[in-house]
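These are my notebook entries on a protein fold.

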Amino acid sequence: MNRKTWGQHKLIDNTVLDQIVEIAQITKKHIVYEIGSGTGNLTYKLCNKAKKVISSEIDEKYYSICVNKLSKIDNLELIRGDGFKIDINYDILMSNLPYSKSSQFVEWLINENFIRAVVLVQTEFADKLVAKPGNKNYRSITVITNANFYVNKVGTIPNYLFSPIPKVLTSILLIKPKNKKINLDSIKIIKFLFSMRGKKLSSIIKIINKNFVNDFSSVIPDKLSNMNIEKIEIHDFLKIVDNLSNIGFKIE
């Protein structure tokens, strides 16, 4: 697998790198986990702020660059491997995410313990995470993300500040975990409901009732029954998911 497959674009502007570190509010009490060391530009700045930095890189070429450049830094641990498959304890997560890994990242993050995360993602994906009901970007990933995290789109970075220059814009996200998180069964229900975008909730419930013994109509508030699924507010959407789950609805 080559670097283009991973969709890696390295941020090369020092001013923006400093801004990203500032957003993370790193102190000497924090252990920072960086997914994607790249050429080590951000890694070096993180080491200057943190108690310890653990940085993973899946690409052998970039990993070797960082070993040669940064291996003498006392508070840095470099790891060669897939950052989503490494089990470590940390306080703050930092990453310039490969565009192809964005959706995987959200569901992976649900099971992580952290104070906050600062990640760079494709702006098109960031817009989905912060979209409002009725917006074209309001999707299942919107509900799943906001059920588990507070998400703030801090800013957008011009593409010419990356190497190689991507064809798309990149946004900075500040993510903080909520105390209560939804489980895998709820995530499956959310994805199922959004697979019927454009349908009214009452129509979806009729489809569900054809395939299950239980009658699920009673769990839907009247005020929502005639609303299209993609226009329902997140807190109402999550109540519907809870009600469906509590009455026995499950996606295998």
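In what order do the seven strands of the open sheet stand? I read the order as β4-β3-β2-β5-β6-β9-β7, with mixed pairing. Strands (E, at least two residues) and helices (H or I, at least four) are DSSP runs numbered from the N terminus, and two strands pair if DSSP finds at least two bridges between them.

I note that the model is predicted: local features need pLDDT of at least 70 and side-chain atom pairs 80 or more, while totals for chains, interfaces and linings use all residues. Residues are numbered from 1 along each chain as its sequence is written, and side-chain values use heavy atoms, without hydrogens and water.

I then checked one pair. β3 (residues 52-57) and β4 are parallel over five bridges, and I54 stands opposite E77 in β4.

Which cavity did I find? I use a 1 Å grid over the protein atoms alone, and a cavity is a set of points where a 1.4 Å probe fits but cannot get out; lining residues have an atom within 4 Å of a point. Of its 28 lining residues, K10, I35, G36, S37 and N96 are the closest to its centre.

Notes. On a 1 Å grid over the protein atoms alone, a cavity is a set of points where a 1.4 Å probe fits but cannot get out, and a pocket is an open set with protein on both sides within 12 Å along at least five of seven lines; lining residues have an atom within 4 Å of a point.
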